Amino acid sequence: MILTIWKKEMESYFTSPLAYVLIGLFSLITGIMFFNLLVTYTDGIQAIPQHMAQEISFVEEVVLRLFANINFLFLFFIPLLTMRLFSEEKKQETIDLYWLSPVREWQVVLSKGLAALSLIFAMLIMTIVFPLIVWGVGIKDFSLLGSAYLSVVLNACCYISMGLFFSSISNNQIIAGLLSILGIMFLWMITWGGHLNSNYMISEIFNYIGITSHFERILRGLIGTQDIIYYITFILLFGFLSIKSLGRRNW
Amino acid sequence: MVNMDKILVVDNVTKEYPGRLAVSKVSFAVKKGSIHGFLGPNGAGKSTTMRIIAGLMPSSSGSVSVLGEKVEPKNFKLKNLVGFLPENPPLYPDMSVEGYLSLVARLHNVKDINNQVTKVLGELSLLDVRKRLIGNLSKGFKQRVGLAQALVYDAPFLILDEPTNGLDPQTVVELRDFIKRLSHEKTILFSSHVLPEVEQLCDQITIIHKGRIRATGDIHQIHQKFRQGLVLRIGIGEKEILPDLSLFGKYEITHDELVGHEHQYHLVFQDDRDCRAEIGKYIISKELNLFTLQVESPELEDIFLHLTENRE
């Protein structure tokens, strides 16, 4: 059942220009970002004495910055992917097709979430060309590449889960998309709020609720249990809220 | 106790929205193997009742059972027993007809998907458009695809919410014939605004108005029950006036118009007695030209209007 709905969603992404436009745009923007970071890096190491240049890390200056930028791009790309998933179906009343068949709400939520995640994978696969390019010119330090990919995938899962929830509560996909953007921004801002607060406890709580500290730790390969628990809880919470929201609308 | 002669039992169903009562204490049953017409003006509560029966919406109180199974959210057994064509068919415009029907069949765990889809495409004359995108089809074809969606998993009970609404006359006739043929193997609950269509297709009817059931049962019994007395159509010369006929019983003229060179009247007598012979002789004795003298059976439309206008 999950495979059936996932396939239907994937077909729907690829029969409209949406998937091609998003993948193309994502590749273009990340390509420009990568090129800029690479130029800045090479200019930087050429401008300083050689013994100091060795201390400037390629991973730090290019890889980690690129993935932090990819996380920023998700602020717009993921709401564009998730906003229509339920709201459009509710508006067109095609959602009834699922409720008329022996399909559970969680199966629909999971399938649609996996379809959106598959499209994120399709976008990220395009970025594999960047390490291959720098490999070709002799830079072979990719120590944090795996954790960098893991960090953006985990963030994408959280954003998709939240996007699905906002799409499930509104019949208007524009509203669903705007709510998702605001939700993601809120997740980032909580961490900034934590930095500004002088009270240690409050600052720590803000830090834990906000996604940025977890993202940065995993990005740097410091994968802790509390971070994994955070991501799992976040994804399950919004998944659960989506299921409840869909269930409440029908019964 | 479960009565298996009745495929659907709606018992005292009420649906309340904040500040509005959509349906109130609705009760009726649909006999196995029948085409049951569900009649009512716009906003009467037909679609709400049908969505409740299909399990798409909860009722505020009361119960619905289909084939002895109670309709409730987690009753997944029922999902393959009820085929529903809503007023707005749930169609994906970016899918091909065949792809869409295969999806519906997969969602309902149909075993031989290809054969079942091809069978339904053939039955609804959709084979020529099977590869086309639904969004590019005409309204008539979209409605056929919607109906195919309700049929593709071979449910024994079909709910069709105004299936012929807004279609061209030829498609309407084709769909009506198809629904008539379907009734040999399935039980159908069918809503419509077109009263002659209901008379032509249905064995049983339920009339709903302002969320309440006004009449339900066998269409002939309802005709009998709401028969207003003898209805006569009398046609005389165009410049002639019908004489007073009150010596044959109390009556009322409901209709009076010129049809060609004939002045036609519809008379409704309170009494049911057939007094055509005496009336004929009487009119001729008054030296009038008698062109038409016939008994009219009350139309479903008369009953419908009577039930929906007189009980405000």
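# A tour of chains A and B

Start in chain A: helices H8(A) and H9(A) pass each other in a right-handed crossing. Keep in mind throughout that this is a predicted model.

## Stop 1: two helices in chain A

Select residues 145–169 of chain A for helix H8(A), then residues 173–196 of chain A for helix H9(A). Look at how their axes approach. They come within 8 Å and cross at roughly 140 degrees. Are these helices roughly antiparallel or oblique to each other? Roughly antiparallel would need an angle over 145 degrees. The angle here is roughly 140 degrees, so H8(A) and H9(A) are oblique to each other.

Now show the side chains where they touch. On H8(A), pick Tyr159(A), Met162(A), Gly163(A), Phe166(A) and Ser167(A). On H9(A), pick Ala176(A), Leu179(A), Ser180(A), Gly183(A) and Ile184(A). Colour this contact by class: six residues are nonpolar, four are polar and none is charged.

## Stop 2

Move to helix H4(A), residues 58–92, and helix H6(A), residues 105–126. Their axes lie 10 Å apart, and the packing angle is about 155 degrees. That angle is over 145 degrees, so H4(A) and H6(A) are roughly antiparallel to each other. The crossing is right-handed.

Which residues make the contact between H4(A) and H6(A)? From H4(A), select Leu81(A), Thr82(A) and Leu85(A). From H6(A), select Lys112(A), Ala116(A) and Leu119(A). By class, this contact holds four nonpolar residues, one polar and one charged.

## Stop 3: where the chains meet

Show both chains together. Chain A brings 16 residues to the contact, and chain B brings 20 residues. Which element gives the largest share of the chain B side? Select residues 97–107 of chain B: this is helix H2(B), and four residues of the contact come from it. Then colour the side of chain B that touches chain A. It has 13 nonpolar residues, four polar and three charged.

## Stop 4: chain B as a whole

Chain B has nine helices and 14 strands. Its C-alpha trace spans about 75 × 45 × 35 Å along the principal axes. Of the 312 residues in chain B, 37% are buried. Consider the contacts in chain B with a separation of 6 or more: 68% of them join residues 24 or more positions apart.

## Stop 5: a hairpin in chain B

Select residues 6–17 of chain B for strand E1(B) and residues 20–31 for strand E2(B). These strands run antiparallel, paired over eight bridges. Pick Lys15(B) in the viewer: opposite it, in E2(B), stands Val23(B).

Follow the chain through the turn. Two residues separate E1(B) from E2(B) in this hairpin. Gly19(B) sits in the turn and has a positive phi of about 75 degrees.

## Stop 6: positive phi without glycine

Two loops of chain B are worth a visit. Where is Glu162(B) found? Look in the loop between strand E7(B), residues 157–161, and helix H5(B), residues 169–182. Glu162(B) is not a glycine, yet its phi is positive, about 45 degrees. Is a residue with 19 C-beta neighbours inside 10 Å buried or partly exposed? Burial takes 20 or more, so Glu162(B), with 19, counts as partly exposed.

Next, go to Lys210(B), in the loop between strand E9(B), residues 204–209, and strand E10(B), residues 212–218. Lys210(B) is also a non-glycine residue with a positive phi, here about 50 degrees. With 17 other C-beta atoms within 10 Å, Lys210(B) is partly exposed.

## Stop 7: the four-stranded sheet

Finish with an open sheet of four strands in chain B. Its strand order is E12-E13-E11-E14, and the pairing is antiparallel. On average, neighbouring strands here are turned by 15 degrees against each other, direction ignored.

Zoom in on E12(B) and strand E13(B), residues 262–269: eight bridges link them in the antiparallel sense. One to display is Glu257(B), whose bridge partner in E13(B) is Gln264(B).

Definitions and conventions
Residues numbered from 1 in each chain as written. Chains lettered and ligands numbered in written order. Predicted model: local features only at pLDDT ≥ 70, side-chain atom pairs only at ≥ 80, totals over all residues. Pairing = 2+ DSSP bridges. Axes fitted to C-alpha atoms, helices over the stretch in contact; angles between N-to-C directions. Parallel < 35°, antiparallel > 145°, perpendicular 65-115°, else oblique. Left-handed = near helix turned anticlockwise from the far one by under 90°. Contact = placed C-beta atoms within 7 Å. Nonpolar A, V, L, I, M, F, W, Y, C, P; charged D, E, K, R; others polar. Buried ≥ 20, exposed ≤ 12 C-beta atoms within 10 Å, placed from the backbone.
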